[in-house]
Amino acid sequence: MNNFQFLDSYFENSWKHVVSSITDPKSFDDGYAIFKFAQALVDHPAAVKLATSNVLKEFAEDNVVYIELRSTPRDCAAKMTKKEYIESIVQSIKGQSDIKARLLVSIDRRKSIEEANENVKLAIELRNKYPEVIVGVDL
């Protein structure tokens, strides 16, 4: 089984939409299709750490000295809680020294007010735990 066959079975043809959206976009939203695909791959703490580390490494290689990452807490049933998601990003930031990185916990305004409140409470909790990394909330 090649990689595309694996992805085809794993993502139930969703990658085909991503590829076509990137190579032949039909709307502004098609440009964002890659993010849904990436989220499907980054669904557990180790993957979040790896993705964060790679992002930080790429920016450091471009001689960036300071970056504020923004990320919306997300959970993946039976794989990762929102808290584990944010803590994975924090651990990646703390585990490197190539770039000064900080984190803003984002609120997805398309979601409910209850979810926004949950994310703000989580941001406050983790800001108290990691004040050197979490610097605020992004609306």
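Tutor: Let's begin with a term: a salt bridge is a side-chain nitrogen of Lys or Arg within 4 Å of a carboxyl oxygen of Asp or Glu. Before we use it, note that this is a predicted model, in which local features need pLDDT of at least 70 and side-chain atom pairs count only at pLDDT 80 or more, while totals for chains, interfaces and linings use all residues. Residues are numbered from 1 along each chain as its sequence is written, and side-chain values use heavy atoms, with hydrogens and water left out.

Student: Thanks! How should I read the overall fold, and how many helices and strands are there?

Tutor: Helices (H or I, at least four residues) and strands (E, at least two) are DSSP runs, numbered from the N terminus. Here the chain has six helices and three strands, and their order along the sequence is α-α-α-α-β-α-β-α-β.

Student: What share of the residues is buried?

Tutor: Buried means under 20% relative accessible area, exposed means over 50%, and partly exposed is in between (1.4 Å probe, protein chains only). By that scale, 35% of the 139 residues are buried. The areas themselves come from the Shrake-Rupley method with a 1.4 Å probe, and for residues only the protein chains shown count as cover. The accessible surface of the chain comes to about 9,200 Å², with 54% of it belonging to carbon and sulfur atoms.

Student: And how do I read contacts along the chain?

Tutor: A contact means heavy atoms within 4.5 Å. Among contacts between residues at least 6 apart in sequence, 68% join residues at least 24 apart.

Student: Back to the salt bridges, then. How many are there?

Tutor: The general idea is that side chains of opposite charge can pair when their charged atoms come close. In this chain the count comes to nine salt bridges.

Student: Which residue pairs with lysine 83, and which helices hold the two?

Tutor: Lysine 83 forms a salt bridge with glutamate 125, with the closest N and O atoms 2.7 Å apart. Lysine 83 lies in helix H5 and glutamate 125 in helix H6, so the pair ties together parts that are 42 residues apart in sequence. Lysine 83 is partly exposed at 32% relative accessibility, and glutamate 125 is partly exposed too, at 38%.

Student: Which residues form a network of salt bridges?

Tutor: Glu68, Arg70 and Asp138 are linked in such a network.

Student: What about arginine 102, and how far away is the nearest side chain of opposite charge?

Tutor: For this, Lys and Arg count as positive and Asp and Glu as negative, while His and the chain ends are not counted. Arginine 102, in strand E2 (residues 100-106), is buried yet has no salt bridge, and the nearest side chain of opposite charge, glutamate 68, is 7.5 Å away. Leaving out residues up to four places away in sequence, arginine 102 touches Tyr66, Ile67, Glu68, Leu69, Ile93, Glu132, Val133 and Val135.

Student: How do I read backbone angles, and which phi does asparagine 63 have?

Tutor: Most residues other than glycine have a negative phi, and most peptide bonds are trans. Asparagine 63 has a positive phi near 70°; asparagine 63 sits in the loop between H4 and strand E1 (66-71) and is exposed, at 67% relative accessible area. Alanine 78 also has a positive phi, about 65°, although it is not a glycine. Alanine 78 is in the loop between E1 and H5 and is exposed at 90% relative accessibility.

Student: Where is serine 97?

Tutor: Serine 97 lies in the loop between H5 and E2 and is exposed, with a relative accessible area of 69%. The C-alpha atoms of serine 97 and alanine 60 are separated by 9.5 Å, though the two residues are 37 apart along the chain.
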